[in-house]
Amino acid sequence: MTERLSDVTTGTATGPAGRDSDSYGANQQADPYASSRQTTEGTVYTVTGGDWDEVLADAAGDERIVMNLGPQHPSTHGVLRLVLELEGETVTQARSVIGYLHTGIEKNVEYRNWTQGVTFVTRMDYLAPLHNEAAYCLAVEKLLGVAVPERAQTIRVLLMELNRISSHLVALATGGMELGALTGMTAGFREREEVLHLLEYLTGLRMNHAYIRPGGLAQDIPADAPERIRAFIKVMDSRLPDYDKLLTGQPIWRNRLQGIGYLPVDACLALGVTGPVLRSAGLPWDLRKIEPYSGYEHYTFEVPTSNEADSFARYRLRVAEIHESLKIVRQAVDRLAPGPVMVEDAKIAWPAQLTIGADGMGNSLEHVRKIMGQSMESLIHHFKLVTEGFQVPAGQVYVPIESPRGELGYHVVSDGGTRPMRVHVREPSFVNLQSMPAMCEGGMVADVIASVASIDPVMGGCDR
């Protein structure tokens, strides 16, 4: 049996071939710089370098190395590449390299009609798809000069706040995973599933909904939606206190985040940083309060802020914002009143007076019979509206909203045609990521992970 045995500490074979060789290469070859030993995996050579002493002498006092962190790394919060210059464990220079999730969404939107553009922008920040749909549609509606019905506005607010909750839960969960708090990760994704189940019930899809359309919504929410939403709120109210028990007071969690990723308010303003990062520095800048849209002026809620301006403050702020979003959801459910969810203008409402079939995937047979049997003009109108789309008056607008990561703005240009001439997005992940070097330089490598997680960039939006 000794032929097949090996020393588990070195891999050296204890059989006849390797018995006389130790782990440091007693079985010497002629070359003094490349000793060898026999192991169960074959011959292993140990190359000493020979002139290593001289190399060390030349590099004395200069221990800086350049290290790639990502883009394939479980702790870079997505396909983000960080190039770090290190002196020991201290980061002396940090740079972000983006573009690994590039999709060309902005350019693709210019080759589709105005309604089809929704299906692209919803895939941009894939953790806040409904915010992208809402911002894009608000820009198109501003160019059209139309106002969506009251019920559609209320449902938009309801969906955006549910989406904000799910996005913040992912920020908490992935941040916990990256710092080793795996129970925080499983809890965060568990609660996120509750939100996604509800969104699937309301819109038909868990993500990339394409539910908010220019002029209103694709369809109304189910009749028993208020009861389902109130049941969800009850579940969240019972589970949210667990995050304070699990993370907020946990000494390791606090030590990993407190004083880490410090970015004061003047640095935020200089870099254009918005969202929770800016509010963690003490400035209560929230577009839902400052420049209300979709009827946010009718809702009562607070804008949580902090003065610590560190990663721990951003964590606590996101937990507080989940509570505030639940408060808005409650009010939105109470505000739901009967009415249409799409503008009455048949030249904009796409598809006009749509009735969904039993499978939820296509037109109902009654709707097909109506548009085909009513008149040839009705059929032609339906065909042109779906294939060609509606025309939008020439002009340009910029519409910002408050996404879970900050100011999400759509600059949309129309030349009067049936598709956009230009769509450019002020994406908060892209802008906020510029704060990474200011947060990380001078700190430790491990603190880079906490800082990036506290920014919560979504690379789908950053690389769009």
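1. The second largest cavity is lined by Y126, L127, P129, N163, S166, V170, R192, L196, L199, R206, M207 and H209. About 60 Å³ of space lies in this cavity. Helices α5 and α6 (182-203) each supply at least two residues of its lining. By class, the lining has 7 nonpolar, 3 polar and 2 charged residues. Here Ala, Val, Leu, Ile, Met, Phe, Trp, Tyr, Cys and Pro count as nonpolar, Asp, Glu, Lys and Arg as charged, and the others, Gly among them, as polar.

2. A word on the basis. This is a predicted model, in which local features need pLDDT of at least 70 and side-chain atom pairs count only at pLDDT 80 or more, while totals for chains, interfaces and linings use all residues. Residues are numbered from 1 along each chain as its sequence is written, and side-chain values use heavy atoms, with hydrogens and water left out. Helices (H or I, at least four residues) and strands (E, at least two) are DSSP runs, numbered from the N terminus.

3. Cavities overall. A cavity is a set of points, on a 1 Å grid over the protein atoms alone, where a 1.4 Å probe fits but cannot get out; lining residues have an atom within 4 Å of a point. Grid points are joined across faces, edges and corners, and a volume is the space filled by probe spheres set on the points. The count comes to 2 cavities of 30 Å³ or more.

4. The largest cavity holds about 120 Å³ of space. Its lining has 14 residues, and A171, W253, Y315, A453 and S454 are the closest to its centre. Four helices, α5 (150-178), α9, α13 and α18 (445-455), each supply at least two lining residues. The lining of the largest cavity divides into 8 nonpolar, 4 polar and 2 charged residues.

5. Aromatic pairs. The structure holds 6 of them. Rings of Phe, Tyr and Trp (its six-membered ring) pair if their centres lie within 6.5 Å; planes under 30 degrees apart count as stacked, over 60 as edge-to-face and the rest as tilted. W253 and Y315 have ring centres 5.5 Å apart and planes at 80°, so this pair is edge-to-face. The pair links distant parts of the chain: W253 is in helix α9 (residues 251-257) and Y315 in helix α13 (residues 311-335), 62 residues apart. Both W253 and Y315 are buried (buried means under 20% relative accessible area, exposed over 50%, partly exposed in between, with a 1.4 Å probe and protein chains only).

6. Y296 and F301 also pair. Their ring centres are 6.3 Å apart and their planes at 65°, so the pair is edge-to-face. Y296 is buried at 1% relative accessible area. F301 is buried too, at 2%. Y293, Y296, Y299 and F301 form one aromatic cluster.

7. Charges over rings. The term needs NZ of Lys or CZ of Arg within 6 Å of the ring centre and within 35 degrees of the ring normal. The charged end of K289 sits over the ring of F301, 4.5 Å from the centre. R464 lies over the face of F430, at 5.4 Å from the ring centre.

8. N113 is in the loop between α2 (105-109) and α3 (118-121). N113 is buried, with a relative accessible area of 4%. Its side chain reaches the backbone nitrogen of Q116 at 2.9 Å.

9. Two residues have positive phi without being glycine. Phi of A210 is near 50°, and phi of A309 is near 60°. A210 is in the loop between α6 and β6 (212-213). A309 is in the loop between α12 (287-290) and α13. A210 is buried at 12% relative accessible area, and A309 is buried at 2%.

10. Two C-alpha separations to check by eye. I65 is in strand β3 (residues 64-69) and is partly exposed, at 47% relative accessible area. G176 is in helix α5 and is buried at 0% relative accessibility. The C-alpha atoms of G176 and G188, 12 residues apart along the chain, are separated by 8.8 Å.

How values were computed:
On a 1 Å grid over the protein atoms alone, a cavity is a set of points where a 1.4 Å probe fits but cannot get out, and a pocket is an open set with protein on both sides within 12 Å along at least five of seven lines; lining residues have an atom within 4 Å of a point. A polar contact is a pair of N or O atoms within 3.5 Å; within protein, one must be able to donate a hydrogen and the other to accept it, and residues adjacent in sequence count only if both atoms are side-chain atoms.
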